[in-house]
Each structure stands twice: as structure tokens, then as C-alpha cells.
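Please look through the following briefing alongside the sequence and the structure, which are shown first.

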Amino acid sequence: MSQPHRRPALLLRRRRGEEAMTLIEIMIVIVIMALIGTGVTLALLPSLERARIRDTEGAVQTVRSAAIQFRAENPGDGCPSVDDLAEQQYLDSGRRLQDAWEQDFEIACEGRDIIVTSPGPDGQFGSEDDIS
């Protein structure tokens with residue numbers, strides 16, 4: 001009787017190794033995923049900045065409306081600060097009382113006009129990216 005044909009052990013080990021991923025292949029997959037992640041992040045950053053600007057523009061209008069109401073009801077009290085508006089409940093203290101970059105608003109009263117300004121993305125008042 002003849003014995004069934006057996007494969008050498010070396011050949012079996014080599015085939016098992018071919019089924020598994022090598023370290024190089026895993027590293028290539030990780031690099032590709034990192035490149036895709038970087039591309040997505042770079043594509044979303046401008047959208048995030050535009051959303052922050054729109055959010056701050058809305059907050060500026062809310063603070064301005066509260067300051068107008070404050071001045072109408074308290075004509076002798078001068079120009080209020082955001083803290084004054086929150087303390088006297090012209091602004092809801094549960095709302096965020098800063099802009100989207102966590103900077104304080106500046107309120108200026110010039111005669112009957114009220115100007116509320118955020119320093120904008122750069123955090124510096126007096127620059128061209130101020131929001132008012």
C-alpha cells in the first residue's frame with residue numbers, strides 16, 4: 001500500500017504566512033487612513049470657521065438687542081456691559097456670553113447708537129476680522 005502524499009512542513013508554514021498581513025502592509029493601510037483623515041480635516045476647517053462667524057454674528061445681534069432694551073428701561077445708567085445685561089436678566093445667564101472663540105464682547109454706546117463687537121477669529125480688537 002502506498003502512503004497518502006504528505007506536504008512538507010516548510011510548505012505549510014509558508015502558506016500560513018501568506019494568509020496573514022505583514023507589518024509593512026498594516027503600516028501602509030494606516031498611512032493611507034491618516035492621509036484620508038487629514039484631507040477630510042482640511043476640507044472641514046473652513047466650514048467650521050464660517051459656522052463660528054455666523055454664530056458670533058447672531059450672538060452680537062442678541063447682545064445688541066439686550067443692550068437697546070437695557071438703555072430704554074434705564075436711561076441714566078450709561079452703557080451696559082455683558083455682565084450687567086446678564087445680572088439684570090436682559091440676557092439669559094445660561095446662554096454663552098462670549099463669542100465662538102471664547103472672547104468677551106465689547107459694547108460701545110455712541111449717543112443713541114449701540115455697537116457690539118467681537119474681536120473675531122484673531123482675538124484682537126481693531127483688526128479687519130472684527131464682527132459687529
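What share of the 132 residues of the chain count as buried? The answer is 20%, where buried means under 20% relative accessible area, exposed over 50% and partly exposed in between, with a 1.4 Å probe and protein chains only. This is a predicted model, in which local features need pLDDT of at least 70 and side-chain atom pairs count only at pLDDT 80 or more, while totals for chains, interfaces and linings use all residues. Residues are numbered from 1 along each chain as its sequence is written, and side-chain values use heavy atoms, with hydrogens and water left out.

**Overall layout**
- The chain has 3 helices and 2 strands, which run α-α-α-β-β from the N terminus on; helices (H or I, at least four residues) and strands (E, at least two) are DSSP runs, numbered from the N terminus.
- Among contacts between residues at least 6 apart in sequence, 38% join residues at least 24 apart, a contact being heavy atoms within 4.5 Å.

**Helix H2**
- Helix H2 covers residues 23-73, and its end C-alpha atoms are 72 Å apart, which agrees with the 75 Å that its 51 residues should span at 1.5 Å a residue, the expected span being 1.5 Å times one less than the number of residues.
- H2 bends by about 30° at Leu44, with a proline, Pro46, following within four residues; the bend is the angle between axes fitted to the seven residues ending at a residue and the seven starting there.
- The buried residues of H2 are Thr56, Ala59, Val60, Val63, Ala66, Ala67 and Phe70, and they pack against helix H3 (82-87), strand E1 (106-110) and E2.

**Ser118 and its surroundings**
- Ser118, found in the segment after strand E2 (113-117), counts as buried because its relative accessibility is 0%.
- The side chain of Ser118 makes a polar contact with the side chain of Asp99 at 2.6 Å; such a contact is a pair of N or O atoms within 3.5 Å, where within protein one must be able to donate a hydrogen and the other to accept it, and residues adjacent in sequence count only if both atoms are side-chain atoms.
- Leaving aside neighbours within four places in sequence, Ser118 is in contact with several residues, among them Thr56 and Val60, which are also listed as buried residues of H2.

**Arg112 in the loop**
- Arg112 lies in the loop between E1 and E2 and is exposed, because its relative accessible area is 84%.
- The C-alpha atoms of Arg112 and Arg71 are separated by 9.0 Å, although these residues are 41 residues apart along the chain.
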